[in-house]
Amino acid sequence: MVLPFLFMFFCLSATVFGDSEELISWKKLAMFVDDLPDMPKLLGFHAQYPNHLQIGMFLKKWKFHRDLPPTSVFAYGISKDTATVPGPTIEAVHGISTYVTWLNHLPPKHILPWDPTIPTAIPASNNGVPTVVHLHGGITAPASDGHATSWFTNGFKDKGPSWTQKTYHYTNQQHPSNLWYHDHAMGLTRVNLLAGLIGAYIIRHPDVEAPLRLPHGREFDRPLLVFDRSFLYNGSIFMNSTGNNPSIHPQWQPEYFGDVIVVNGKAWPRMRVRRRKYRFRIINASNARFFRFFFTNGLRFIQVASDSAYLAKPVVSKAILLAPSEIADVVVDFSKSTSDTVILANDAAYPYPSGDPVNEANSKVMKFYISKNKEVEMQRVPKRLIKYPKPDLSSVSYTRYIAMYEYTSDIDEPTHLYLNGKPYEAPVTEKPKVGSTEIWYVINLTEDNHPLHIHMGLLAALEQTELVHLEEFKDCMTKKNDAVKCKIEEHARGKRIKVNSHEKGWKNVYKMMPGYVTKILVRFSHIHSNASYPFDATAEPGYVYHCHILDHEDNAMMRPLKLVY
């Protein structure tokens with residue numbers, strides 16, 4: 001069955017790439033010439049009542065840069081005219097449900113090349129772009145989680161094997177959170193996000209948050225979705241149409257990197273700010289790029305929350321490392337700036353941590369122009385934020401070992417990646433109990449740092465321990481795939497790395513260092529109350545956990561997760 005799929009792949013990729021098209025050099029694009037957009041807002045509530053939104057996915061043209069022709073993208077919005085990249089920011093309120101009917105208006109063929117030789121959603125009609133929306137960090141029922149096999153095409157003409165409903169119910173019963181929504185279709189996540197299917201989602205809890213008196217309001221509280229892209233001279237998004245192992249996977253590459261850094265849909269934008277405090281909810285929406293953010297004049301970040309919850313107290317730092325899908329919720333006090341302009345920069349190697357150093361293009365993110373007049377302001381950063389229960393080891397009911405593997409071809413190029421040595425379709429092995437707390441030892445046997453995301457899991461990192469005699473341990477794990485039988489306790493004796501202060505709170509994704517065992521505590525329950533989930537979390541199709549480097553997730557570093565009673 002590979003040959004017809006390959007034929008379809010080449011037909012689809014041919015719709016974008018012609019012989020005359022060339023990659024545009026970033027040097028042709030001036031930096032800091034476009035203003036930072038403020039994405040449209042959609043309210044997920046109506047007064048004190050639920051709201052029902054209809055959000056579509058549209059093919060349209062988007063202007064990423066002043067000097068770049070309009071780009072064909074897939075965009076979320078309530079209409080084609082108002083659709084944006086990123087999509088509108090959905091604002092929800094704790095305790096008030098939001099209903100969203102996600103509508104696929106996409107064309108019969110994709111605008112980017114994709115690879116049918118990896119596990120992929122392929123419509124029975126061989127027509128249409130499969131999509132499904134996942135609310136990243138959301139505590140939602142399985143049918144509203146955006147399962148990879150719950151995809152659907154334009155007009156719901158074709159549907160995945162676990163598709164059940166058109167309208168998703170987001171109960172918003174969790175603590176105040178920074179979330180984001182994005183496509184999650186099997187094998188197409190990397191190309192659908194690259195095409196533009198991303199957006200921010202914020203759950204606010206006014207009774208809890210208002211006393212903090214953090215910067216608020218549309219001008220001073222801004223989501224920043226940051227990602228990288230490359231473009232052709234005609235404005236099209238560039239994605240390599242040839243794989244690193246073309247005889248095995250014609251198109252799949254282990255990581256996608258672009259030199260153009262985009263924030264809220266504009267390349268290297270500029271923002272004019274007043275000399276006062278601003279709150280930025282920074283989301284790394286890249287496929288594979290890590291960002292280590294810093295300000296070129298030494299200005300500090302005051303981090304107040306992460307990708308899941310508020311910290312107990314603010315943490316001040318000069319730099320913040322974010323893996324793909326991670327979120328840093330920070331306050332920046334521009335009154336402390338020693339200059340009238342400052343660049344938000346990046347110095348993370350790619351792939352992280354041992355890849356190429358940044359260049360002049362991907363080391364710049366955006367530029368701030370700061371007014372000269374200092375202001376008197378009432379907003380502040382309190383000494384204490386929101387205190388949630390600390391990780392409780394006495395409540396742990398189960399311990400798991402999760403090993404990360406990368407497999408290579410005869411030419412020593414990656415062919416695929418697995419969790420626990422198993423493909424996605426292998427029978428589910430992770431079956432936590434609803435309301436339980438577990439310890440996961442995540443063993444990274446690869447050379448990459450992998451951000452592990454657990455749907456429905458709230459995790460707290462405890463420590464990271466270097467593996468000694470690593471090659472010996474790898475050989476044993478390759479043969480036995482059993483950490484206990486391979487005597488992990490004799491190998492996890494190297495350097496111990498403490499968790500950074502700004503990462504000690506509750507998260508839904510964490511960076512797994514290569515050659516280390518990362519110990520995390522995972523809760524499958526709320527952290528702000530003892531209330532049960534307001535839905536049956538054991539229902540089909542269940543959940544998943546995966547690496548959030550999208551090229552890895554798609555091939556096939558993802559496993560099913562089934563909650564049980």
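This is a predicted model: local features need pLDDT of at least 70, side-chain atom pairs count only at pLDDT 80 or more; totals for chains, interfaces and linings use all residues.
Q: Why is the contact between Asp38 and Arg218 called a salt bridge?
A: The cut-off is 4 Å between a side-chain nitrogen of Lys or Arg and a carboxyl oxygen of Asp or Glu. For Asp38 and Arg218 the N to O distance is 2.7 Å, so the pair meets the rule. By this rule the count comes to 29 salt bridges.

Q: What makes the Asp38 and Arg218 pair a tie between parts of the chain?
A: Asp38 lies in the loop between helix H1 (2-14) and strand E1 (41-43), while Arg218 lies in the loop between helix H3 (206-209) and strand E11 (221-229), so the pair ties together parts that are 180 residues apart in sequence.

Q: Why is Asp38 called partly exposed?
A: Buried means under 20% relative accessible area and exposed means over 50%. Asp38 has 29%, so it falls in between. Arg218, with 45%, is partly exposed as well.

Q: How do you know that Asp329 and Arg281 count as buried?
A: The cut-off for buried is under 20%. Asp329 is at 1% relative accessibility and Arg281 is at 4%, so both count as buried. Their side chains meet in a salt bridge, 3.7 Å from N to O. Asp329 sits in strand E20 (residues 327-333) and Arg281 in strand E15 (residues 277-284), so this pair ties together parts that are 48 residues apart in sequence. Both residues also belong to a network of salt bridges that includes Glu91, Arg204, Asp221 and Arg279.

Q: What makes Asp347 and Arg292 a link between distant parts of the chain?
A: Their side chains meet in a salt bridge at 2.8 Å, N to O. Asp347 is in the loop between strand E21 (341-346) and strand E22 (364-374), and Arg292 is in strand E16 (residues 291-295), 55 residues apart. With relative accessible areas of 36% for Asp347 and 33% for Arg292, each is partly exposed.

Key. Residues are numbered from 1 along each chain as its sequence is written. Side-chain values use heavy atoms; hydrogens and water are left out. Helices (H or I, at least four residues) and strands (E, at least two) are DSSP runs, numbered from the N terminus. Buried means under 20% relative accessible area, exposed over 50%, partly exposed in between (1.4 Å probe, protein chains only).
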